[in-house]
Amino acid sequence: MPKKESATKSFILRVDAATMEAVEKWAADEFRSTNGQLQWIISEALRKSGRLPKKPVRSKEKEEPKNDKE
């Protein structure tokens, strides 16, 4: 049976110590893991460069259901 591909890919990334310290501090400030912070940084850079589609904007109507009893 063929191996099922994962939605995420693992790879080794080498960064200098100062960069890693900055990413770790930023991650802690944002309550993210270092890995999560790196994923976010990469995703944001790809979106801003137009290489990934932008996240859809959610309308208020979808976020807050209307209450007819008010």
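Glu44 counts as partly exposed, at 22% relative accessibility. Here buried means under 20% relative accessible area, exposed means over 50%, and partly exposed lies in between (1.4 Å probe, protein chains only). The model is predicted: local features need pLDDT of at least 70, side-chain atom pairs count only at pLDDT 80 or more, and totals for chains, interfaces and linings use all residues. Residues are numbered from 1 along each chain as its sequence is written, and side-chain values use heavy atoms, with hydrogens and water left out.

Glu44 forms a salt bridge with Arg47. The closest N and O atoms of this pair are 3.2 Å apart. A salt bridge is taken as a side-chain nitrogen of Lys or Arg within 4 Å of a carboxyl oxygen of Asp or Glu. Glu44 and Arg47 both lie in helix H2. They are three residues apart, about one turn of the helix. Arg47 is buried, with a relative accessible area of 18%.

The protein has three helices and zero strands. Along the sequence the pattern reads α-α-α. These elements are DSSP runs, numbered from the N terminus: helices are H or I runs of at least four residues, and strands are E runs of at least two. The protein has 70 residues, and buried ones make up 7% of them. Its accessible surface comes to about 7200 Å². Carbon and sulfur atoms account for 55% of that surface. These areas come from the Shrake-Rupley method with a 1.4 Å probe; for residues, only the protein chains shown count as cover.

Helix H2 covers residues 34-48. Its 15 residues should span 21 Å at 1.5 Å a residue. The end C-alpha atoms of H2 are 21 Å apart, which agrees. The expected span is 1.5 Å times one less than the number of residues in the helix. Gly36, Gln37 and Arg47 are buried in H2. Seen down the axis, the buried residues of H2 fall within an arc of 100°, so they line one face of the helix. The arc is that of the directions from the helix axis to the C-beta atoms. H1 is included in what covers the buried residues of H2. Just after H2, Gly50 takes a positive phi of about 80°.

Gln37 has a relative accessible area of 0% and is buried. Val23, Trp26, Ala27, Glu30 and Arg32 touch Gln37, when residues up to four places away in sequence are not counted. Contact means heavy atoms within 4.5 Å. Two of these partners, Glu30 and Arg32, meet through their side chains in a salt bridge of 3.8 Å, N to O. Glu30 is partly exposed, at a relative accessible area of 40%. Arg32 also counts as partly exposed, at 32% relative accessibility.

Side chains of opposite charge can pair when their charged atoms come close. The salt bridges number three. One of them joins the side chains of Asp29 and Lys25, at 3.3 Å from N to O. Asp29 and Lys25 are four residues apart in helix H1, which means a separation of about one helical turn. Asp29 is partly exposed, with a relative accessible area of 49%. Lys25 counts as exposed, at 53% relative accessibility.

The loop between H1 and H2 holds Phe31. Phe31 counts as exposed, at 80% relative accessibility. Its phi is near 60°, a positive value in a residue other than glycine. Ser33 is also placed in the loop between H1 and H2. Ser33 is partly exposed, with a relative accessible area of 45%. Ser33 and Val23 are 10 residues apart in sequence. Their C-alpha atoms are 9.7 Å apart in space.

Before helix H1 (17-29) lies the segment that contains Phe11. Phe11 is exposed, with a relative accessible area of 60%. Phe11, Leu13 and Val15 make a nonpolar surface patch of about 310 Å². Patches are made of residues with over 30% relative accessible area and no salt bridge; like charges are joined within 9 Å, and nonpolar side chains (Val, Leu, Ile, Met, Phe, Trp, Tyr) within 5 Å.
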